[in-house]
Amino acid sequence: MLTMVLEGDNHTVTTHFILLGFPTPPAFQLLLFFLFLATYLLTLLENFLIILAIRSDGQLHKPMYFFLSNLSFLEMWYVTVISPRMLGDFLSHSKTISFNGCMTQLYFFVTFVCTEYILLAVMAFDRYVAICNPLRYPVIMTKQLCGTLAGGCWFCGLITAMIKMVFIARLHYCGTPYINHYFCDISPLLNVSCEDSSRAELVDFFLALMVIAVPLCVVVASYTTILTTILRIPSAQGRQKAFSTCASHLTVVILFYSTTLFTYTRPKLMYAYSSNKLVSVLYTVIVPLLNPIIYCLRNREVKAALKKTILCKRRGPREDGAWVN
């Protein structure tokens, strides 16, 4: 039962929400539990192995793999914000989540989503410099710059989530706040609010535009220039080699942007469609599972380093700590 505390301004303070999740028969709930549990554990294992392989192999101490390890670290936390709670709900009859718990989950989820948008743009810029300015690449992409760019991605994600939370958490939720979702996201919270949420939606739209559109422009501009440069390479083998260095990242970008773009540019509108939960499963469960697989299949260096790591044939990092270019 939901607990409500009366305030002096005739509003009520919601202390709990009810997550409807996936309304299916109990037997199917158990099946979903094992399916999502296996997906979650596999995602953690894949990303952990990539981080371990990059740290263990000195040949992967390059800017591209530094950003890849950041992406893997990010996605381990990204799925951990959502999956454990979802798995618990599959086995529970009471699918309530406290107000503070809901806001905490939303804050970290938005942080990781925003950070990933910006990080993918930084990775596209890295590929642009590597392919279009190969001679200047070691001078431009220094350890200091890479560290600053990675730190900036996390900082922007944290600040963006904080601003969004100021407006979302201040909304009043009354009646019976049943959330037709399996986690606390912006769209369901905007829709169960019992007051005008237009201001919160406007702020969310503006920030989403900044965090999505600006990195997307960087990605498009980078890959347009990259494609132009690759087409100018005279040999087919040279073109194939150049394209292979960015094919994995481009695939990951397309997967992530295509599944999140429409959801977070018009969050309240997306909630009106029953397919919203299915789309959310794609970018909270499936895409983080596929990303490490894509990088392994398309990148020979990562594939070779993973084989060494799994076989426990570890190579120590370079003693001077410099990038390998």
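Colleague: At what angle do H3 and H7 pack, and how far apart are their axes?
Modeller: The angle is about 20 degrees and the axes are 9 Å apart. Axes here are lines fitted to C-alpha atoms, for helices over the stretch in contact, with angles running from 0 to 180 degrees between N-to-C directions. That makes H3 roughly parallel to H7 (angles under 35 degrees count as roughly parallel, over 145 as roughly antiparallel, 65 to 115 as roughly perpendicular and the rest as oblique).

Colleague: What sort of model is it?
Modeller: A predicted one, where local features need pLDDT of at least 70, side-chain atom pairs count only at pLDDT 80 or more, and totals for chains, interfaces and linings use all residues. Residues are numbered from 1 along each chain as its sequence is written, and side-chain values use heavy atoms, with hydrogens and water left out.

Colleague: Which H5 residues make the contact?
Modeller: Thr 160, Ile 163, Lys 164, Phe 167 and Ile 168, against H7 residues including Val 203, Leu 207 and Val 211.

Colleague: OK, the sheet. What's the strand order?
Modeller: S4-S3-S5, in an open sheet with mixed pairing (two strands pair if DSSP finds at least two bridges between them). S4 (96–98) and S5 (178–179) are at the edges with a single partner strand each, so one side of each has no neighbour in the sheet. S3 (residues 16–19) runs parallel to S5, joined by two bridges, and Leu 19 has Ile 179 as its bridge partner in S5.

Colleague: Last one: how many aromatic pairs?
Modeller: The structure holds 22 (rings of Phe, Tyr and Trp, the last by its six-membered ring, pair if their centres lie within 6.5 Å; planes under 30 degrees apart count as stacked, over 60 as edge-to-face and the rest as tilted). One of them is Phe 22 with Phe 90, stacked at 6.0 Å centre to centre with 20 degrees between the planes.

How values were computed. Helix = DSSP H or I, 4+ residues; strand = E, 2+ residues; numbered from the N terminus. Contact = heavy atoms within 4.5 Å.
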